[in-house]
Every structure is written in C-alpha cells, then in structure tokens.
Amino acid sequence: MQNRSMKMLGASAALVLGLTACSGGGAGSDEGDGGGDAAPEDMTVGVAMPTQTYERWLNDGASVEEGLEELGYTADLQFADDDIPTQQQQIDQMITQEYDALIIASIDGSALTSQLDAAAAADIPVISYDRLLTNSENVDFYVTFDNFAVGQEQARALLYGLGVLDENFEEAEDAPEETLNVELFAGSLDDNNARFFWDGAMDILEPYIEDGTLAVPSGQTTIEQAATQRWEQETAQERMENLITSDYRGSDAELDGVLSPADPLSRGIINALRSAGMGDDIESGLPIVTGQDAEIASVSLIAEGVQHSTIFKDTRNLADEAVNAADAFLNGEEPEANDTESYDNGSAVIPSYLLPVEMILEENYEEILVESDFYTEEQVESGQQ
C-alpha cells in the first residue's frame, strides 16, 4: 500500500521539474564557472559526510562516490564522525587542494560559514546534501527530500497505527472513543531538517491534540523539549525511560504511541518500552512507534511487528541528484530545481531539488524495499546488510 499523498507529491514534483535554479549566490552562480572545458578525469569532487555510525550516511556516501566515478570524476569521500572541527578541517583541506566542487552533508549546518566563504572565493560550487547549510549565501544548490512531507507521513503513520485513521488515511469509522496517550520526539536542533520534520508532524497532530483525540501526558509538546541531540539512540532511550518513570509508572495512564523522527531513535525508544514491560511487539501491547530512513534493523523490526512504520527516502535517487547537480556545475551549467521558494537558509533562498518519500509498513515493505532491490529478503530477516 503506497500512501495516496505520496502519489500526489510525486505528481506535483513532476509539474515543477522544469523550473531552472536561481543560484543562492555561491561559486556556481556566475556563468562559465565550474570547470566548463575540463575533462571529468581532470576534476575532483569533495564529498563530506557527517558520520559513519549512522547506516544511511554510509550508504549515501558510497552512492555519491560511485555516481561521480561513473561519470569519470575523482571523488574524495570523507566522514567526520560527528565532530564539527573534523568536518571543518576536511573541507578546508578540500578547498586548499583546489577541488572542483563540494557536496556537503553537514553535522551542523550553521558551522561551516568560513568554509563556504572560502569555497566561493575559490570559485568552487557547493551542493548542500540533505541537511541545509545555513547562514551563508555561498550555497549553490540543495538536494533533499520533501522534509515537511516526511513529518506529515510520520504523523499519519502514528494515527493509522492508533486506529484514528483507516487504511486509506481517512478518519476511521471505528476509531477509539477514549483519548489516546502519545509522546513526541524530535531530531537534533543543529540539523535544519529536524524542524521541517517536526512542523510537518505537528501540522497533522495538533488538531487531534486540540480536540482531545490525543493527549501528551508529559506535557512536552515543543521541539526544544522533544529534541534529541545528534540523533543518538542512547539519548532517545534515556529520555523515554525518564518519561515512563515520571508519567506512566504508578499511574493509570497508558502509553499508546510515540512519534519518533528517525529509526535509531525508534530503536532506543522500543528498548525502553520493552524494558518497562510494555510488550514485546505491537500484538502484545507495545505502543505504536514511527521512524524514518528505513534502516535495515528497523525494517526487520517492522517485518516482525515490533516497530510500526518508517519513512523511506530512497537515497539512491538523492545521490543521483547530487551527482547531477555537480556535473551541471562542472560543465558550466545550472542544475534543474523543482523548488525555488521553500528553503531560506537565513541568508538566501537556496534553489533545491526535492524528492518524494514513502511510508513503510509491515504490509508493504516487501513491495517497496525488496522488489526494488534496496534490500533482500535475507537482509530483512537478519536485520543486517
């Protein structure tokens, strides 16, 4: 079952596909910059990824590297292990070595201003990858998913799991009459995407909280209260344990669901719920838990009826768009954008290419993930790639 709103998103993206980027003002904004006449084998693209401890960044880095090399470019892929000074130094070195383009997935989007200034001074185009680089006009292009839609889909998945919405994601005729208790988790505040996820989710959930369909017993309903620094599983697990102790243990309140914005957080939350005796799987009473990124460990839990859902962002397509953007700049052209309004980084509106997302549930993971060769059934069964 593919959510109908995702089909609509794909259609709307196609309608605006022909928009041409208006550059954010970095190196790629001047005609003729970016290499033009040089052969791909004579050019190097620096690829800066935030960490190797998060499965998706390993996959993203490998896909970008492979795509660049298939076009003949040299790719220098570096991971910063979630250490901001390390990433700053890596990018500084790429600029000093006069790389021809940079693809950057930042740890903290606001921490690279001096590096972006230096790249612009050296006429090196910068492509912001999935996490928006902020507070600088020297960002040439942004490739990402529709992050507001990610949050909306997470919220719809939660409501579907709770029985508030039916399988068509419309109001369920047999929805529970009693108020359902949920807790809310957000991502890392230094990641600009976290706010889009949160805003999208709350766009869907707030009406249900206001009319009493949902309640948040902890009262923690702001992104600052729900934030999870560095998207760490252990931090999410600890917060969930604290919420159980303060708001559920020894009280009549039962927890029905948890909005989780990412799979590592989801697994930490599930660990806490299981340890508290709230059930081993959904059938035995485990609260509904959402997720994001379709990490293999979480997809395995979905197949087992433990984690309820995740949001699939096909990073193969994201890597393709980053490579396409770099290739355009390096040929003296502008990459195509399908959004030139949504992503204001504080200094400029950055031309962007947004990709659609899909909700993954126990009933559709095989169709979307296995049949597309993103994972094999054996990987799903083992929970490992």
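E321 lies in helix α11, where helices (H or I, at least four residues) and strands (E, at least two) are DSSP runs, numbered from the N terminus. At 18% relative accessibility, E321 counts as buried; that word means under 20% relative accessible area, while exposed means over 50% and partly exposed covers what is in between, with a 1.4 Å probe and protein chains only. Leaving aside neighbours within four places in sequence, E321 is in contact with V143, Y353 and L355, where contact means heavy atoms within 4.5 Å. The C-alpha atoms of E321 and G46 are separated by 16 Å, and the two residues are 275 residues apart along the chain.

A word on what you are looking at: this is a predicted model, in which local features need pLDDT of at least 70 and side-chain atom pairs count only at pLDDT 80 or more, while totals for chains, interfaces and linings use all residues. Residues are numbered from 1 along each chain as its sequence is written, and side-chain values use heavy atoms, with hydrogens and water left out.

**Salt bridges**

How many salt bridges does a search of the whole structure find? The search finds 11, a salt bridge being a side-chain nitrogen of Lys or Arg within 4 Å of a carboxyl oxygen of Asp or Glu.

| Pair | Closest N to O distance |
|---|---|
| R56 and D60 | 2.6 Å |
| R131 and D191 | 3.0 Å |

Let us start with the pair inside a helix. R56 and D60 both belong to α2 (residues 55-70), and they sit four residues apart, about one turn of the helix. As a reminder, an α-helix has 3.6 residues a turn, so residues three or four places apart point the same way. Both R56 and D60 are buried.

R131 forms its salt bridge with D191. R131 lies in the loop between β4 and β5, and D191 in the loop between β6 (180-184) and α6 (192-210), so this pair ties together parts that are 60 residues apart in sequence. R131 counts as buried at 8% relative accessibility, and D191 counts as buried at 4%.

Which residues are linked in a network of salt bridges? They are R56, D60, D130, D293 and K313.

Helix α3 (residues 84-96) has 13 residues and reaches 18 Å from its first C-alpha to its last, close to the 18 Å expected at 1.5 Å a residue; the expected span is 1.5 Å times one less than the number of residues. Its buried residues are I84, Q87, Q90, I91, M94 and I95. They cover an arc of only 135° around the axis, which puts them on the same side of α3; the arc is that of the directions from the helix axis to the C-beta atoms. Their cover includes β1 (44-49), β2 (74-79), β3 (101-104) and α4 (113-121). On the face turned away from the buried side, α3 carries the exposed residues Q89 and T96.

After α3 comes E98, found in the loop between α3 and β3. E98 has a positive phi of about 60° although it is not a glycine, and at 64% relative accessibility E98 counts as exposed. D373 also has a positive phi, near 65°, and is a residue other than glycine. D373 has its place in the loop between α12 (365-370) and α13 (377-382), and at 65% relative accessibility D373 counts as exposed.

**Cores and a sheet**

The largest nonpolar core has 82 residues, and V64, L68, I103, Y129, M240 and L273 touch the most other members. Such a core is a set of buried Ala, Val, Leu, Ile, Met, Phe, Trp, Tyr and Cys residues joined through side-chain atoms within 4.5 Å. A second, separate core of 20 residues includes L133, V139, Y142 and Y343.

Finally, four strands form an open sheet in the order β7-β6-β8-β9, with parallel pairing; two strands pair if DSSP finds at least two bridges between them. At the edges are β7 (214-215) and β9 (288-289), each pairing on one side only. Strands β6 and β8 (residues 257-259) run parallel and are joined by three bridges, and V182 stands opposite G257 in β8.
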